[in-house]
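Biologist: I would like to learn how to read charged pairs in a model. Can you take me through one?

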Amino acid sequence: MIDPRAVSTAQAHLIGAYFCEEYSFEAAALFNPSIVAHPDQRNVAKGAVRFILSLRGVGEGHVSSITFRTGLCTGEGIVSIDPASLQAISPRIENMPGGAPGDPGVRLLCKESQSLSEIVIFPTTFRQRHGIEDLRMVRFVDEEGNPTYLGTYTAFSGEDIRSELLRTTDFQTFELTPLHGPAAVNKGMALFPRRIDGQYVMLGRLDHENIWLLKSNDLYTWDAGIKILSPRWVWEFVQLGNCGSPIEIDEGWLVLIHGVGPVRNYCIGACLLDKQDPTKVIGRLATPLLRPSPQERDGYVPNVVYSCGALLNGRSLILPYAIADSFTTVAVISIDALLEAMIHPKPTGGH
């Protein structure tokens, strides 16, 4: 017999969600953001930039997916995020031809979305079934000047991990494709925004400790590379990794990095690579750019500040970053002040 007593609005929503098999993508945490300029910059004031933010949402069952937000940064450095939709759409999923036997890429069609925040890239393949983690987006421009939005991420099957690539031109159709080669079995790969000397270039962490530079004639196959940056200071003594794709400025390639120190404290630092030869480190912060504060160190994973990418706006850097693997905020940083704070090691062909 059904109890006829009244229920509250919150209880009614819970009952409805249960019968609709509703899933909360961001119930546990929303973190590890990356950012690119929005393809539509119409009606944006001079000096401002409209952007797309990707985030790692963790929901029920500790499953990670990719969610999106849009926003605006004014010329004065004031950042605003557009309100998110209260619902998500279910994409149409297609297997892509030409994949490895039993391991095809997939295409997600999200044409029904009214807002980018309605789109959720949820695990769809066997190799992704326990989570899609830490998308590092980049606006990649080919030799003819055509832009494509690419992003490396970690696919977690529950037993092992590998790197995969997201590709889109309109943020309505997404292709998710496995990466291959010895370097693709590790986390934290980040693609340069253009080819260098005719080759694709990637940052990676082949040995779980140092930052390596990888080159490939094939966007989907990555082998061994050259170690370019090793831990040097206490705050990065356990390991180094990138915080997103390198950013091209007049002075070189600006790379945000994360350093892991004692008690697995994660801090954000930065270095500058030579524009013609990015195996050469020409500048590096000796102290963290951002570190966990006493007021904001507790959360899903304590003592962590982390980012998967930043965006250049004039001579300012828009840096979204996660705190304690729980929530996300944004810093706006002067490029000139950042470069001024770097030390310049003697040329050694590496670190």
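**Reading salt bridges and burial**

Modeller: Start with Arg-162, which is buried, at a relative accessible area of 6%. Keep in mind that this is a predicted model.

Biologist: Why does Arg-162 count as buried?

Modeller: Buried means under 20% relative accessible area. Arg-162 has 6%, so the residue falls in that class.

Biologist: Which side chain does Arg-162 meet in a salt bridge?

Modeller: That of Glu-164, at 2.9 Å from N to O. The cut-off for such a pair is 4 Å between a side-chain nitrogen of Lys or Arg and a carboxyl oxygen of Asp or Glu. Glu-164 is buried too, with a relative accessible area of 2%.

Biologist: Where should I look for a pair that ties together separate parts of the sequence?

Modeller: Go to Glu-236 and Arg-284. Their side chains form a salt bridge with an N to O distance of 2.4 Å. Glu-236 sits in the loop between β15 (226-229) and β16 (239-242), while Arg-284 belongs to strand β20 (residues 281-284), so the bridge ties together parts 48 residues apart in sequence.

Biologist: Are Glu-236 and Arg-284 buried or exposed?

Modeller: Glu-236 is buried, at 0% relative accessibility. Arg-284 is buried as well, with a relative accessible area of 2%.

Biologist: Which residues do salt bridges with shared partners join into one network?

Modeller: Arg-56, Glu-133, Asp-134 and Lys-187. Here, read the group as a network, since the salt bridges share partners.

Biologist: How many salt bridges does the structure hold?

Modeller: The count is 18. One of them pairs the side chains of Glu-143 and Arg-195, with 3.4 Å from N to O. This pair links distant parts of the chain, 52 residues apart. Glu-143 is in the loop between β8 (131-141) and β9 (147-156). Arg-195 is in the loop between β12 (190-191) and β13 (200-204).

Biologist: Now the chain start. Where does Pro-4 lie, and is Pro-4 buried or exposed?

Modeller: Pro-4 lies in the segment before α1 (9-19). Pro-4 is exposed, with a relative accessible area of 72%.

Biologist: What separates the C-alpha atoms of Pro-4 and Ser-293?

Modeller: A distance of 51 Å. Along the chain, Pro-4 and Ser-293 are 289 residues apart.

Terms used:
Residues numbered from 1 in each chain as written. Predicted model: local features only at pLDDT ≥ 70, side-chain atom pairs only at ≥ 80, totals over all residues. Heavy atoms only, no water. Helix = DSSP H or I, 4+ residues; strand = E, 2+ residues; numbered from the N terminus. Buried < 20%, exposed > 50% of the residue type's maximum accessible area, 1.4 Å probe, protein only.
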